[in-house]
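Here's a quick tour of this one. Have a look at the fold first, then read on.

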Amino acid sequence: REIQGWIANFTTMETGAEGLPVTNIEAKGNPLNFSISFKKQSIPVSLGDDNTLNELRLYVAPLTGIAAAMQKLMHKGVMKDEDKRLGDFGIKDGTKIMLIGSTLTEVMQAATNTVTPEETKAEEESSREWLSTKLPHKKIIDKGVPEGAEPGKRGRHEALPTIPLQNIYNNTGIKVRLTFKVWSQELWVQSASSTQKIPFGTIRSVASEPIQGHEEYHIMSLQIGSSEGSKYFLYWVPCQYVNAIRNAIVNGPY
């Protein structure tokens with residue numbers, strides 16, 4: 001209500017397209033031709049180096065629909081001091097100034113469409129495309145929880161286990177055990193027939209997602225190269241270790 005009241009008061013002060021009047025601003029001083037970057041648009045501006053920041057705001061307002069009081073103009077940082085000359089900001093021919101702001105219409109829509117965090121979370125969950133329901137991941141998930149896997153504990157965050165993490169499926173559906181050599185900065189992925197040693201430094205990022213219907217377990221992906229195909233996936237990772245695994249790989253010893 002406070003936001004809507006403020007908007008109502010504000011709109012009584014502004015009139016025109018988007019509620020904003022066209023203000024004829026005379027160029028003062030040496031002519032300047034520069035541009036305003038706003039929402040992928042480049043808006044040409046012709047003023048002078050003696051024009052003030054406030055005059056620039058009034059010039060820009062009817063062109064963008066962003067009221068002067070709601071503009072955030074940036075050139076080598078946020079532009080402040082309404083009476084400061086454009087020349088004193090270092091504005092020259094060809095300069096690009098970034099504009100950030102919302103129109104009154106957008107502000108009003110945001111005020112009337114406010115939802116609670118719980119509603120937002122529920123909407124995200126309902127529209128979410130779960131990785132575990134998509135191929136090729138679904139084939140491995142459909143095998144079920146690996147026999148002998150450590151139980152997942154929802155809502156818990158635990159340190160890395162001191163012994164190897166057993167009975168995890170890798171991206172080919174083979175059971176492996178994970179050993180985190182934190183001090184030597186390596187992840188050992190061991191199957192019945194081989195051992196793969198992955199230096200932490202080669203892992204660009206670590207991501208995880210709960211398995212739908214079994215949120216006590218996660219799918220984890222290790223981004224080893226730059227392409228989507230260079231992700232190494234691990235399935236049925238107990239969720240209580242997810243943060244510790246990410247921190248160990250990304251941050252190293254702690």
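Predicted model: local features only at pLDDT ≥ 70, side-chain atom pairs only at ≥ 80, totals over all residues.

## A pairing in the sheet

The strands involved are E5 (residues 165-170) and E11 (residues 231-238), which pair in the antiparallel sense over 2 bridges.

Zooming out, that pairing belongs to an open sheet of 7 strands, with antiparallel pairing and the order E8-E7-E6-E5-E11-E10-E9. At the edges sit strand E8 (195-199) and strand E9 (205-211), each pairing on one side only. On average, neighbouring strands of the sheet are turned by 30 degrees against each other, direction ignored.

## A helix on the sheet

What packs on this sheet? That would be helix H6 (residues 242-251), which touches E5, strand E6 (175-181), E9, strand E10 (214-223) and E11. The direction of H6 makes about 170 degrees with that of E9.

## A buried histidine

Over to a loop now: His-75 lies between strand E3 (72-74) and strand E4 (96-100). Is His-75 buried or exposed? It counts as buried, because its relative accessibility is 14% and the cut-off is under 20%. Leaving aside residues up to four places away in sequence, His-75 touches Phe-89, Gly-90, Ile-91, Thr-95, Lys-96 and Ile-97.

## The whole chain

Stepping back, the chain has 6 helices and 11 strands. Of its 254 residues, 38% are buried. Take the contacts between residues at least 6 apart in sequence: 54% of them join residues at least 24 apart. As for surface, the chain exposes about 14,800 Å², with carbon and sulfur atoms supplying 51% of it.

Terms used: Residues numbered from 1 in each chain as written. Heavy atoms only, no water. Pairing = 2+ DSSP bridges. Helix = DSSP H or I, 4+ residues; strand = E, 2+ residues; numbered from the N terminus. Axes fitted to C-alpha atoms, helices over the stretch in contact; angles between N-to-C directions. Contact = heavy atoms within 4.5 Å. Buried < 20%, exposed > 50% of the residue type's maximum accessible area, 1.4 Å probe, protein only. Areas by Shrake-Rupley, 256 points an atom, 1.4 Å probe, with all protein chains shown as cover.
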